Amino acid sequence: MLSSALIYLYLEAVHQSDEQLVNTHAGCLFQHFKLPAMKNCSPWLQCSQIKAEVRKIKLIGQGAVKKVCAPFISAAVYLAEWRGHKVALSELASLEYREDFLHGLSMLQALQGSLVVQLVGFCLEEDTIVSQHHPHGSLLNLKGVLAQQKYQHLNTWHIRLRLATDYISILHYLHNSPAGRRVMCDSNSLEKTLSQFLLTNDFHLVVNDLDALPEVNPSRGALVKCGSRELTGQFVAPEQLWPFRGSGQPFSDDHMPPYDEKTDIWKIPDITQFIMGSTQGGDLVQFHLFQIHKECKNLDPKLRPSALNVLKAYTSVYGAIVRENSGYRDML
């Protein structure tokens, strides 16, 4: 309880001390949105409003699907404007990926909350989605954003650990969501995983890309497989690798065993290592997180902790470091 109180008080102080940090949590009723400069909540935009009122400004991103020969563009993302507010406009680029697009939209609708990018509207006729625009972009940009002079005072272990805690909170939410136990399948590399999260103006994280969130249902014995292609590398969990790769047997999706949400837990230490970077005090944070990260990397997925247990460990570590630093200052 003391640890929770400490982190709460610290985060409140950070929010109050910097006028640039604008709270993006809208607190609207379902099927409504409220952008940062809006006074009141508004219903999600429909096709007629999007066509008439949303104006493209420039291309800011593309969704790429890995093909045998080269990446294939599945969606285009534009910076756009609606009634003076900057928004992100996503357009499906190929009907081949419409099923994924619709799945992402359904998840975006079902999972709306402070941990998920805010939905502003959608149009099924045009295969478009409008969402809140976050100028800092994805978590991939963290180092560059914190290197800017106006944000250098935020380049601390406190802020970075808070971002890592946001990441764990999002996993916990997805694993216990209103739409069932969801697995982040679009996370087969460090870069791809980081691109799924957006950095908000108040330096929190929201999950953005939801088009690959299959459901695990233990009561029905329903497990998942992240795609039909063979996964390789050290970033993915061991159970996501072809189990017969040492025998020379070629990969077969039909014989690939399914798995559950513990694949997300395996990846936590790598994501946190990126977020903490080389900031002062980061090595002490990593030292305190060593045990829980060791458990996350257990080869047996059943022995890995839940996202909630990892979240509790992170909160406890924050409190422990604050107490250590306080004790050191008292001795001086």
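Student: Is the link of Cys-47 and Cys-123 left-handed or right-handed?
Tutor: The link of Cys-47 and Cys-123 is right-handed, with 100° about the S-S bond. The pair joins distant parts of the chain, since Cys-47 is in helix H2 (residues 47–53) and Cys-123 is in strand S6, 76 residues apart. Helices here are DSSP runs of H or I with at least four residues and strands are runs of E with at least two, numbered from the N terminus.

Student: What should I keep in mind about the model and the numbering?
Tutor: This is a predicted model, in which local features need pLDDT of at least 70 and side-chain atom pairs count only at pLDDT 80 or more, while totals for chains, interfaces and linings use all residues. Residues are numbered from 1 along each chain as its sequence is written, and side-chain values use heavy atoms, with hydrogens and water left out.

Student: Back to that pair, then: how far apart are the sulfur atoms of Cys-47 and Cys-123?
Tutor: The sulfur atoms of Cys-47 and Cys-123 are 2.2 Å apart, and a disulfide is taken as a pair of cysteine sulfur atoms within 2.5 Å.

Student: And why do Cys-47 and Cys-123 count as buried?
Tutor: Buried means under 20% relative accessible area, exposed means over 50%, and partly exposed lies in between, using a 1.4 Å probe and protein chains only. Cys-47 counts as buried because its relative accessibility is 16%, and Cys-123 is buried because its relative accessible area is 1%.

Student: How many disulfides does the structure hold, and what is the pairing?
Tutor: The structure holds three disulfides, and if the bonded cysteines of the protein chain are numbered in sequence order, the pairing is 1-2, 3-4, 5-6.

Student: Why is the one between Cys-28 and Cys-41 left-handed?
Tutor: The torsion about the S-S bond of Cys-28 and Cys-41 is about -85°, so this disulfide is left-handed. Cys-28 lies in the loop between helix H1 (2–17) and strand S1 (32–33) and Cys-41 in the loop between S1 and S2, so the pair ties together parts that are 13 residues apart in sequence. Cys-28 is partly exposed at 22% relative accessibility, and Cys-41 is partly exposed at 34%.

Student: Which cysteine is joined to Cys-185?
Tutor: Cys-185 is joined to Cys-226 by a disulfide, S to S 2.0 Å, and with -75° about the S-S bond that link is left-handed. It connects distant parts of the chain, with Cys-185 in the loop between S8 and helix H6 (190–194) and Cys-226 in the loop between strand S11 (215–216) and H7, 41 residues apart. Cys-185 is buried at 8% relative accessibility, and Cys-226 is buried, also at 8%.

Student: Changing topic, which residues of H3 are buried?
Tutor: The buried residues of H3 are Phe-101, Gly-104, Leu-105, Met-107 and Leu-108. Seen down the axis of H3, they fall within an arc of 165°, so they line one face of the helix; the arc is that of the directions from the helix axis to the C-beta atoms. As a general point, an α-helix has 3.6 residues a turn, so residues three or four places apart point the same way.

Student: What do those buried residues of H3 pack against?
Tutor: They pack against strand S5 (85–92), strand S6 (119–123), strand S7 (128–132) and strand S8 (181–182), where contact means heavy atoms within 4.5 Å.

Student: And how many residues of H5 are buried?
Tutor: H5 is mostly covered, with 16 of its 19 residues buried. Helix H5 (residues 157–175) reaches 27 Å from its first C-alpha to its last, close to the 27 Å expected at 1.5 Å a residue, that span being 1.5 Å times one less than the number of residues.

Student: Last one: where is Lys-262, and is it buried or exposed?
Tutor: Lys-262 is in helix H7 (residues 262–266), and Lys-262 is buried, with a relative accessible area of 11%. Leaving aside residues up to four places away in sequence, Lys-262 touches Glu-239, Pro-301, Lys-302, Arg-304, Pro-305 and Ser-306. Lys-262 and Pro-305 are 43 residues apart in sequence and 8.2 Å apart in space, C-alpha to C-alpha.
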